[in-house]
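Subject: Structure handover

Hello,

Please find the structure below. Notes on what was found in it follow.

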Amino acid sequence: MKNNKILLLTVILAIIGAWFYFDLGQFLTLEAAKQEQLTLQHHIIENPITAYISFFSLYILVTALSIPGASILTLLGAALFGFWTSLIMVSFASTIGATLAFLSSRFILRDWVQAKFGNRLTTLNNGIEKEGGFYLLSLRLIPVFPFFLINLLMGLTIIKTRTFFWVSQLGMLAGTAVYINAGTQLGKIDSLSGIISAPVLLSLVLLGLFPLLTKWIMKTMAIKKHYKQWQKPAHFDQNLVVIGAGAGGLVSAYIAAAVKAEVTLIERHKMGGDCLNTGCVPSKALIRAAHTAADIKNASTLGIDAHIDHIDFAQVMGRIHNVIAKIEPHDSIERYSQLGVNCVTGDATILSPWEVEVNGTRITTRNIVIATGARPLVPAIPGLDTVNYLTSDTVWKLTTLPKRLLILGGGPIGCELAQSFCRLGAEVTIIERSPQLLNREDIDAAQLVEQALTHDGVNILLQHNAVQFDSTIDDNGQRIQRVVVEHDNQQVSIEFDAVMVALGRVANVQGFGLEELGITTTERGTVAVNQYLQTQYPNIYAVGDVAGPYQLTHVAAHQAWYAAVNSLFGAVKKFKVDYSVIPAVTYTAPELARVGINEKEAQAQGIDYEVTRYGLDDLDRAIADGYDEGFIKVLTPKGSDKILGVTIVGHHGGDLLAEFTLAMRHNLGLNKILGTIHPYPTMSEGAKYTAGVWKQAHAPQKLLAWVKKYHHWMRN
């Protein structure tokens with residue numbers, strides 16, 4: 001804590017301590033107020049201005065320091081100055097004092113609280129930012145909540161000071177008026193408990209609920225406004241219609257069928273979506289082939305004389321399609337039909353919040369889940385449409401390996417495919433605008449991946465920007481394709497045979513009725529949903545890449561559970577989607593796996609953290625396998641074994657991540673991992689050894705010094 005914060009805290013504590021030490025509170029009791037009423041009234045007549053200023057200042061001091069006695073001062077003020085004068089003075093003095101307490105709490109403690117608990121307070125901060133005024137007003141109107149506690153706790157949040165001031169001014173007015181009205185008859189009051197009788201307290205509680213009730217009414221009216229132009233069917237064919245049969249759509253339909261709801265699943269192309277047909281499955285099959293090629297090339301390090309005579313790229317791609325075909329039954333129409341899902345192939349169009357049309361047939365439904373996924377982003381770079389460009393959707397149609405492959409984008413997809421194609425024999429160049437690959441990851445992790453790609457032969461051009469493509473035919477009739485890239489205000493031309501665009505993905509939100517319904521989208525182009533995954537139409541949900549915020553297959557499946565349950569049982573109970581522990585893996589060699597926050601995010605959020613790092617070059621199994629490059633890095637709060645986030649760069653890093661993900665999900669710290677038996681020799685021991693590094697750094701040195709003396713005494 002900085003010196004100026006310590007000084008302010010010391011001054012506040014000293015004043016409060018003096019108040020109690022000298023028993024100044026004896027002057028702010030009901031009996032004292034009654035006894036001094038006549039004397040004080042005489043002073044007011046003689047020195048009215050001084051009396052007003054003194055009372056106003058004292059009230060501010062008492063409320064700012066959260067000292068008991070504000071209630072007595074309110075009663076006394078009413079008795080001395082009358083109803084309206086005291087109401088104005090007490091109302092503004094109490095708000096000013098409360099705001100000073102609020103600011104003191106914010107200045108002294110907020111940075112520390114947000115740094116220590118920032119990751120847990122994200123939801124609270126978002127709620128305060130959006131609707132903090134409503135909640136504060138409700139708390140102010142209900143006198144059962146200690147006002148001083150509200151002041152201090154609100155100071156730890158991100159609510160704006162001016163919002164706090166004016167909402168407090170308005171919210172405390174009703175309770176203040178009740179006390180002042182009673183205070184005008186101070187001589188007849190025997191106890192404070194008599195002021196707030198049960199009927200008065202009930203009235204104030206109901207008044208406190210008024211802002212929340214108002215909010216609910218406004219929200220209900222807004223919803224009705226959305227629905228008013230549509231005619232709701234008298235009955236429904238289905239409980240749920242799901243549009244899109246990717247991971248999110250499949251899981252939504254599966255859950256609905258499992259709980260015996262009537263559900264229709266509509267897919268325009270292939271069941272399984274991008275993950276099965278153009279994403280996770282084919283890319284991992286390609287990576288498997290590329291990894292085998294790399295193993296053969298490196299076999300000499302194990303004492304094995306092996307070499308590759310030829311790589312049949314067409315056969316590699318053929319195996320990829322065989323893998324897809326082998327997995328297809330898991331996501332097939334036949335399987336889901338057997339589960340009780342009505343599967344329809346065709347283009348869906350949402351006609352109203354309760355009607356979906358497909359193949360000329362209208363289906364009425366109580367709820368709709370939008371799971372239309374995303375497509376590769378194709379940038380508007382001049383000349384791109386004149387060259388042979390590929391995306392993560394179309395690359396799987398290749399039958400011939402491009403000799404020179406250019407990849408735009410150094411994100412997960414770009415890095416994975418660059419390394420794989422390079423290992424299979426292509427000359428690969430990555431063009432990336434940022435100063436590092438995988439720019440969301442920590443620099444130390446990204447650099448290890450970069451070194452691995454460079455070692456495999458990938459040419460990486462960081463801080464380069466593609467500005468122009470062109471295609472020409474030379475004198476021999478050969479097609480020449482080039483890209484002009486810019487770096488440090490200089491341009492260079494690079495020739496290629498194919499270019500892969502890997503610059504991210506765009507949500508599929510057009511062409512099936514969202515525009516006609518006026519469904520709101522975000523700045524990122526995804527469907528805007530609330531914490532329950534609802535759009536502005538509460539019976540229409542969105543999951544997966546079309547909704548974000550993470551474009552990951554397992555997140556889409558995770559969201560699907562919430563959307564299905566909320567849509568079918570929301571009248572009884574709704575669940576807020578939980579994004580607190582989301583693992584992700586980039587499947588390069590070595591893999592880069594992460595769960596929770598990394599150092600970049602911790603620094604951006606102002607979280608005070610420690611780093612525990614364990615190098616895989618110390619792990620026996622990694623050494624024996626010849627995959628000992630990489631590390632495990634764990635972030636924890638200072639002095640605590642609670643896991644805030646884990647980054648792993650290493651062989652099968654994604655598999656190693658599972659133990660940490662489980663620990664975070666169930667609030668298990670590094671001490672629990674350290675106390676768990678791991679089989680030897682396995683890569684999983686890396687988790688235990690990382691926990692051991694943390695434990696060693698936090699060993700109780702003073703206690704160990706005494707233990708050393710004990711052992712010395714035992715020897716002698």
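This is a predicted model: local features need pLDDT of at least 70, side-chain atom pairs count only at pLDDT 80 or more; totals for chains, interfaces and linings use all residues.

**Around Ala-70**

Residues are numbered from 1 along each chain as its sequence is written, and side-chain values use heavy atoms, with hydrogens and water left out.

Ala-70 belongs to helix α4 (residues 70-81); helices (H or I, at least four residues) and strands (E, at least two) are DSSP runs, numbered from the N terminus. Ala-70 counts as partly exposed because its relative accessibility is 22%. Buried means under 20% relative accessible area, exposed over 50%, and partly exposed in between (1.4 Å probe, protein chains only).

**Nonpolar cores**

A nonpolar core is a set of buried Ala, Val, Leu, Ile, Met, Phe, Trp, Tyr and Cys residues joined through side-chain atoms within 4.5 Å. The largest one has 42 residues, and Phe-421 and Val-428 have the most contacts inside it. Elements that each supply at least two residues of this core include α13 (280-297), α16 (412-423) and β10 (427-432). The most comes from α14, with six residues. Beyond its neighbours within four places in sequence, Phe-421 has contacts that include Leu-286, Phe-313, Pro-402 and Val-428. A second, separate core of 26 residues includes Ile-243, Ile-519, Val-527 and Ala-542.

**Backbone**

Two cis peptide bonds are listed here:

- Gly-548 to Pro-549 is cis, with omega near 0°; Pro-549 lies in the loop between β17 (540-542) and α19 (553-569).
- Tyr-680 and Pro-681 are joined by a cis peptide bond with omega about -10°; Pro-681 is in the loop between α23 (670-674) and α24 (685-697).

Positive phi in a residue other than glycine is found at Asn-359, where phi is near 55°. Asn-359 sits in the loop between β5 (355-358) and β6 (361-370), and counts as exposed because its relative accessibility is 55%. Gln-463, also not a glycine, has a positive phi near 55°. The loop between β11 and β12 (465-473) holds Gln-463, which is partly exposed, with a relative accessible area of 45%.

Regards

Key
Contact means heavy atoms within 4.5 Å.
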